[in-house]
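Thanks for coming, everyone. I'll take you through one model today. Let me put it on the screen.

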Amino acid sequence: MSTSKVWVITGAGRGMGVDFVRAALAAGHKVVATGRNKEAVAKAVGDDANLLVAKLDVTNPLDAERAVKEAVERFGTIDVLINNAANFYGGFFEELTLDQIESQLRTVLIGPMIVTRAVLPVMRKQRSGHIISISSGAGISGFGFNSAYAASKFGLEGWMESLQPEVSPFGIHTTIVNPGMFRTEFLTKESATYANPSIEDYSDRRARNQDAYNTQNGKQAGDPVKLAEALIKISENVQPPRRFIAGSDAVSIAEHKIADLQDQINHYRDISTSMSYEEV
(Lines give C-alpha, C1' and ligand atoms only; values in the text may rest on other atoms or scores of the structure.)
Protein backbone atom coordinates (compact mmCIF):
# COMPACT_ATOMS: atom_id res chain seq x y z
CA MET A 1 0.00 0.00 0.00
CA SER A 2 1.25 3.46 -0.88
CA THR A 3 1.91 6.19 1.65
CA SER A 4 -1.34 7.81 2.72
CA LYS A 5 -2.06 11.13 1.02
CA VAL A 6 -4.69 13.82 1.44
CA TRP A 7 -6.98 14.20 -1.56
CA VAL A 8 -9.35 17.07 -2.33
CA ILE A 9 -12.01 16.09 -4.86
CA THR A 10 -14.49 18.54 -6.38
CA GLY A 11 -17.89 17.54 -7.70
CA ALA A 12 -18.06 14.62 -5.26
CA GLY A 13 -21.84 14.55 -4.92
CA ARG A 14 -22.52 12.38 -7.95
CA GLY A 15 -20.99 10.77 -11.02
CA MET A 16 -17.27 10.12 -11.25
CA GLY A 17 -16.60 12.19 -8.15
CA VAL A 18 -18.25 9.58 -5.93
CA ASP A 19 -16.12 6.82 -7.47
CA PHE A 20 -12.97 8.91 -7.03
CA VAL A 21 -13.75 9.38 -3.33
CA ARG A 22 -14.43 5.68 -2.77
CA ALA A 23 -11.28 4.59 -4.61
CA ALA A 24 -9.06 6.99 -2.66
CA LEU A 25 -10.51 5.87 0.68
CA ALA A 26 -10.17 2.20 -0.30
CA ALA A 27 -6.49 2.84 -1.08
CA GLY A 28 -5.95 4.16 2.44
CA HIS A 29 -5.93 7.86 1.66
CA LYS A 30 -7.62 10.72 3.47
CA VAL A 31 -10.24 12.51 1.38
CA VAL A 32 -11.92 15.90 1.38
CA ALA A 33 -15.08 15.37 -0.69
CA THR A 34 -16.59 18.65 -1.86
CA GLY A 35 -19.69 19.87 -3.64
CA ARG A 36 -22.15 22.74 -3.80
CA ASN A 37 -24.61 20.81 -1.61
CA LYS A 38 -22.76 19.44 1.41
CA GLU A 39 -25.67 17.25 2.49
CA ALA A 40 -25.94 15.66 -0.96
CA VAL A 41 -22.21 14.91 -0.96
CA ALA A 42 -22.40 13.34 2.51
CA LYS A 43 -25.31 11.16 1.41
CA ALA A 44 -23.49 10.06 -1.75
CA VAL A 45 -20.11 9.18 -0.21
CA GLY A 46 -21.16 7.92 3.22
CA ASP A 47 -19.15 8.13 6.42
CA ASP A 48 -15.51 7.27 7.08
CA ALA A 49 -12.92 8.25 9.67
CA ASN A 50 -10.63 9.41 6.85
CA LEU A 51 -13.33 11.49 5.14
CA LEU A 52 -14.19 15.18 5.43
CA VAL A 53 -17.16 16.59 3.53
CA ALA A 54 -16.91 20.29 2.72
CA LYS A 55 -19.11 22.75 0.87
CA LEU A 56 -17.48 24.02 -2.29
CA ASP A 57 -19.03 25.79 -5.25
CA VAL A 58 -15.99 25.89 -7.53
CA THR A 59 -17.07 29.25 -8.96
CA ASN A 60 -16.91 30.87 -5.51
CA PRO A 61 -13.39 31.89 -4.35
CA LEU A 62 -14.53 32.21 -0.72
CA ASP A 63 -15.84 28.63 -0.80
CA ALA A 64 -12.51 27.44 -2.18
CA GLU A 65 -10.52 29.22 0.51
CA ARG A 66 -12.78 27.86 3.26
CA ALA A 67 -12.60 24.30 1.93
CA VAL A 68 -8.80 24.42 1.75
CA LYS A 69 -8.65 25.79 5.30
CA GLU A 70 -10.94 23.01 6.56
CA ALA A 71 -8.83 20.39 4.78
CA VAL A 72 -5.57 21.63 6.31
CA GLU A 73 -7.09 21.98 9.77
CA ARG A 74 -8.41 18.41 9.64
CA PHE A 75 -5.61 16.56 7.85
CA GLY A 76 -2.62 18.93 7.98
CA THR A 77 -1.98 19.25 4.25
CA ILE A 78 -3.23 18.61 0.70
CA ASP A 79 -1.33 16.24 -1.59
CA VAL A 80 -3.70 15.60 -4.50
CA LEU A 81 -6.36 17.82 -6.02
CA ILE A 82 -8.85 16.42 -8.52
CA ASN A 83 -10.63 19.15 -10.46
CA ASN A 84 -13.67 17.08 -11.36
CA ALA A 85 -16.75 19.33 -10.98
CA ALA A 86 -18.33 20.07 -14.37
CA ASN A 87 -21.54 20.51 -16.28
CA PHE A 88 -22.56 20.32 -19.93
CA TYR A 89 -24.33 22.84 -22.13
CA GLY A 90 -25.20 21.07 -25.37
CA GLY A 91 -26.26 22.90 -28.48
CA PHE A 92 -25.16 24.71 -31.58
CA PHE A 93 -23.18 27.88 -30.98
CA GLU A 94 -25.77 30.21 -32.48
CA GLU A 95 -28.53 28.75 -30.33
CA LEU A 96 -26.66 28.86 -27.02
CA THR A 97 -27.20 32.08 -25.08
CA LEU A 98 -24.25 34.16 -23.90
CA ASP A 99 -25.31 33.42 -20.32
CA GLN A 100 -25.10 29.68 -21.04
CA ILE A 101 -21.70 30.01 -22.66
CA GLU A 102 -20.39 32.09 -19.75
CA SER A 103 -21.81 29.59 -17.26
CA GLN A 104 -20.08 26.74 -19.10
CA LEU A 105 -16.74 28.53 -19.03
CA ARG A 106 -17.21 29.62 -15.42
CA THR A 107 -17.76 26.09 -14.14
CA VAL A 108 -15.40 24.06 -16.31
CA LEU A 109 -12.49 26.49 -16.80
CA ILE A 110 -12.61 29.28 -14.22
CA GLY A 111 -13.82 26.96 -11.44
CA PRO A 112 -10.74 24.70 -11.54
CA MET A 113 -8.55 27.80 -11.68
CA ILE A 114 -10.21 29.17 -8.54
CA VAL A 115 -9.81 25.93 -6.60
CA THR A 116 -6.24 25.36 -7.79
CA ARG A 117 -5.29 28.93 -6.84
CA ALA A 118 -6.53 28.21 -3.30
CA VAL A 119 -4.64 24.89 -3.08
CA LEU A 120 -1.31 25.93 -4.63
CA PRO A 121 0.08 27.82 -1.62
CA VAL A 122 -0.24 24.64 0.46
CA MET A 123 1.51 22.49 -2.15
CA ARG A 124 4.14 25.11 -2.88
CA LYS A 125 5.03 25.42 0.80
CA GLN A 126 5.53 21.67 1.16
CA ARG A 127 7.29 21.44 -2.24
CA SER A 128 5.07 18.60 -3.41
CA GLY A 129 1.63 17.94 -4.80
CA HIS A 130 -0.36 16.63 -7.74
CA ILE A 131 -3.08 18.54 -9.60
CA ILE A 132 -5.34 16.33 -11.72
CA SER A 133 -7.90 18.02 -13.96
CA ILE A 134 -10.63 16.02 -15.66
CA SER A 135 -10.94 17.15 -19.25
CA SER A 136 -12.70 15.19 -22.02
CA GLY A 137 -12.35 13.82 -25.51
CA ALA A 138 -13.87 17.21 -26.36
CA GLY A 139 -10.70 18.77 -24.94
CA ILE A 140 -8.73 17.05 -27.70
CA SER A 141 -11.07 17.53 -30.62
CA GLY A 142 -14.06 19.79 -31.11
CA PHE A 143 -17.45 18.33 -32.02
CA GLY A 144 -20.62 19.88 -33.39
CA PHE A 145 -23.28 20.52 -30.75
CA ASN A 146 -20.40 20.83 -28.22
CA SER A 147 -19.05 24.30 -29.02
CA ALA A 148 -19.32 25.79 -25.52
CA TYR A 149 -18.24 22.58 -23.78
CA ALA A 150 -15.26 22.05 -26.09
CA ALA A 151 -14.24 25.69 -25.64
CA SER A 152 -14.19 25.20 -21.86
CA LYS A 153 -12.19 21.97 -22.08
CA PHE A 154 -9.72 23.34 -24.63
CA GLY A 155 -9.22 26.27 -22.26
CA LEU A 156 -8.73 23.92 -19.33
CA GLU A 157 -6.03 22.05 -21.21
CA GLY A 158 -4.20 25.19 -22.33
CA TRP A 159 -4.18 26.42 -18.75
CA MET A 160 -2.99 23.07 -17.35
CA GLU A 161 -0.23 22.70 -19.94
CA SER A 162 0.98 26.21 -19.10
CA LEU A 163 0.66 25.63 -15.36
CA GLN A 164 2.92 22.58 -15.51
CA PRO A 165 6.24 24.40 -16.13
CA GLU A 166 5.24 27.12 -13.67
CA VAL A 167 4.77 24.77 -10.70
CA SER A 168 7.07 21.84 -11.50
CA PRO A 169 10.10 23.58 -9.91
CA PHE A 170 8.18 23.31 -6.61
CA GLY A 171 7.78 19.54 -6.94
CA ILE A 172 4.15 19.87 -8.06
CA HIS A 173 2.95 17.57 -10.84
CA THR A 174 -0.01 18.12 -13.18
CA THR A 175 -2.10 15.60 -15.11
CA ILE A 176 -4.80 16.21 -17.71
CA VAL A 177 -7.27 13.32 -17.90
CA ASN A 178 -9.22 12.85 -21.14
CA PRO A 179 -12.09 10.44 -20.51
CA GLY A 180 -14.24 9.16 -23.32
CA MET A 181 -17.88 8.32 -22.68
CA PHE A 182 -18.23 6.87 -19.18
CA ARG A 183 -21.42 5.58 -17.60
CA THR A 184 -22.13 8.43 -15.23
CA GLU A 185 -24.92 10.95 -14.68
CA PHE A 186 -23.27 13.41 -17.05
CA LEU A 187 -26.03 13.25 -19.68
CA THR A 188 -28.88 13.42 -17.17
CA LYS A 189 -30.94 16.55 -16.58
CA GLU A 190 -28.96 17.22 -13.36
CA SER A 191 -25.76 17.79 -15.36
CA ALA A 192 -26.80 18.51 -18.95
CA THR A 193 -28.62 21.56 -20.28
CA TYR A 194 -29.56 21.98 -23.93
CA ALA A 195 -30.00 25.15 -25.93
CA ASN A 196 -33.59 26.20 -26.52
CA PRO A 197 -34.49 25.72 -30.21
CA SER A 198 -34.39 29.06 -31.98
CA ILE A 199 -33.00 28.68 -35.51
CA GLU A 200 -34.89 26.53 -38.00
CA ASP A 201 -31.78 25.77 -40.09
CA TYR A 202 -30.44 23.65 -37.22
CA SER A 203 -33.68 21.79 -36.44
CA ASP A 204 -32.95 18.41 -38.03
CA ARG A 205 -29.39 18.15 -36.73
CA ARG A 206 -30.44 19.42 -33.30
CA ALA A 207 -33.01 16.67 -32.95
CA ARG A 208 -30.54 13.99 -34.09
CA ASN A 209 -27.83 15.15 -31.69
CA GLN A 210 -30.10 15.41 -28.68
CA ASP A 211 -31.70 12.04 -29.42
CA ALA A 212 -28.24 10.49 -29.70
CA TYR A 213 -27.23 11.80 -26.29
CA ASN A 214 -30.49 10.66 -24.71
CA THR A 215 -29.97 7.20 -26.22
CA GLN A 216 -26.38 6.99 -24.93
CA ASN A 217 -27.34 7.94 -21.39
CA GLY A 218 -26.83 4.92 -19.14
CA LYS A 219 -25.24 2.88 -21.93
CA GLN A 220 -21.80 4.47 -22.16
CA ALA A 221 -18.99 1.93 -22.52
CA GLY A 222 -16.61 3.37 -19.90
CA ASP A 223 -16.62 2.09 -16.30
CA PRO A 224 -15.98 5.02 -13.90
CA VAL A 225 -14.82 2.62 -11.16
CA LYS A 226 -11.95 1.51 -13.41
CA LEU A 227 -11.06 5.13 -14.15
CA ALA A 228 -10.98 5.89 -10.43
CA GLU A 229 -8.65 2.94 -9.83
CA ALA A 230 -6.42 4.12 -12.68
CA LEU A 231 -6.10 7.58 -11.10
CA ILE A 232 -4.98 6.00 -7.83
CA LYS A 233 -2.23 4.16 -9.72
CA ILE A 234 -1.21 7.29 -11.61
CA SER A 235 -0.98 9.28 -8.38
CA GLU A 236 1.48 6.74 -6.99
CA ASN A 237 3.98 7.28 -9.82
CA VAL A 238 7.10 9.23 -8.95
CA GLN A 239 6.69 10.98 -12.29
CA PRO A 240 2.98 10.88 -13.15
CA PRO A 241 1.89 11.48 -16.77
CA ARG A 242 1.16 15.00 -17.89
CA ARG A 243 -1.77 13.54 -19.83
CA PHE A 244 -3.80 10.35 -19.41
CA ILE A 245 -6.26 9.34 -22.12
CA ALA A 246 -8.98 7.14 -20.63
CA GLY A 247 -11.09 4.77 -22.70
CA SER A 248 -10.72 3.22 -26.13
CA ASP A 249 -13.02 5.84 -27.64
CA ALA A 250 -10.85 8.64 -26.24
CA VAL A 251 -7.74 6.93 -27.64
CA SER A 252 -9.42 6.85 -31.07
CA ILE A 253 -10.26 10.56 -30.82
CA ALA A 254 -6.65 11.39 -29.92
CA GLU A 255 -5.19 9.24 -32.70
CA HIS A 256 -7.53 10.79 -35.26
CA LYS A 257 -6.55 14.27 -34.05
CA ILE A 258 -2.84 13.46 -34.34
CA ALA A 259 -3.30 12.08 -37.86
CA ASP A 260 -5.35 15.10 -38.92
CA LEU A 261 -2.81 17.56 -37.53
CA GLN A 262 0.02 15.75 -39.30
CA ASP A 263 -1.94 15.74 -42.54
CA GLN A 264 -2.62 19.48 -42.28
CA ILE A 265 1.05 20.17 -41.51
CA ASN A 266 2.26 18.07 -44.43
CA HIS A 267 -0.26 19.52 -46.88
CA TYR A 268 0.75 23.11 -46.24
CA ARG A 269 4.34 22.59 -45.09
CA ASP A 270 5.95 24.54 -47.96
CA ILE A 271 3.76 27.58 -47.37
CA SER A 272 4.00 27.30 -43.58
CA THR A 273 7.79 27.25 -43.60
CA SER A 274 8.14 30.14 -46.05
CA MET A 275 7.09 32.90 -43.67
CA SER A 276 10.50 34.17 -42.57
CA TYR A 277 11.89 37.55 -43.55
CA GLU A 278 14.37 37.35 -46.39
CA GLU A 279 17.30 39.37 -45.20
CA VAL A 280 18.90 41.48 -47.90
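Which residues does valine 119 touch, not counting residues up to four places away in sequence? Valine 119 touches Val68, Ile78 and Leu81. Contact here means heavy atoms within 4.5 Å.

Some ground rules. This is a predicted model, where local features need pLDDT of at least 70 and side-chain atom pairs count only at pLDDT 80 or more, while totals for chains, interfaces and linings use all residues. Residues are numbered from 1 along each chain as its sequence is written, and side-chain values use heavy atoms, with hydrogens and water left out.

Now the core. A nonpolar core is a set of buried Ala, Val, Leu, Ile, Met, Phe, Trp, Tyr and Cys residues joined through side-chain atoms within 4.5 Å. Buried means under 20% relative accessible area, exposed over 50%, partly exposed in between, with a 1.4 Å probe and protein chains only. The largest core has 31 residues, and Val119 is one of those touching the most other members. Val32, Ile78 and Leu81 are also among them.

Where do these residues come from? At least two each are supplied by strand E1 (6-9), strand E3 (51-55), helix H3 (61-75), helix H4 (98-126), helix H5 (147-167) and strand E7 (172-179). Those labels are DSSP runs numbered from the N terminus: helices are H or I with at least four residues, strands are E with at least two. H4 gives the largest share, eight residues. There is also a second, separate core of 27 residues, including Phe20 and Ile234.

On to the sheet. It is open, with seven strands in the order E3-E2-E1-E4-E6-E7-E9 and parallel pairing. Two strands pair if DSSP finds at least two bridges between them. E3 and strand E9 (243-246) are at the edges with a single partner strand each, so one side of each has no neighbour in the sheet. From one strand to the next, the twist averages 15 degrees. H3 packs on this sheet, touching E1, strand E2 (30-35) and E3, and its direction makes about 160 degrees with that of E3. For that angle, axes are lines fitted to C-alpha atoms, for helices over the stretch in contact, and angles run from 0 to 180 degrees between N-to-C directions.

Look at E1. Val6 and Val8 are buried on one side, Trp7 and Ile9 on the other. In a regular strand, side chains alternate between the two faces of the sheet. Four bridges join E1 to E2, and three join E1 to strand E4 (residues 80-83). Valine 8 has valine 32 as its bridge partner in E2, and it stands opposite leucine 81 in E4.

Next, two buried side chains in helices. Valine 167 sits in H5. Its relative accessible area is 5%, so it counts as buried. Leaving out residues up to four places away in sequence, valine 167 touches Leu120, Ile172 and Thr174. Then arginine 206, in helix H6 (residues 203-216). Is it buried or exposed? Arginine 206 counts as buried, at 10% relative accessibility. Beyond its neighbours within four places in sequence, its contacts include Phe92, Glu95 and Phe145.

Last stop, helix H2 (residues 38-45). At its start, a side-chain oxygen of asparagine 37 comes within 3.1 Å of the backbone nitrogen of glutamate 39. After H2 comes glycine 46, with a positive phi near 80 degrees.

Notes. Polar contact = N/O pair within 3.5 Å; in protein donor to acceptor, adjacent residues only side chain to side chain.
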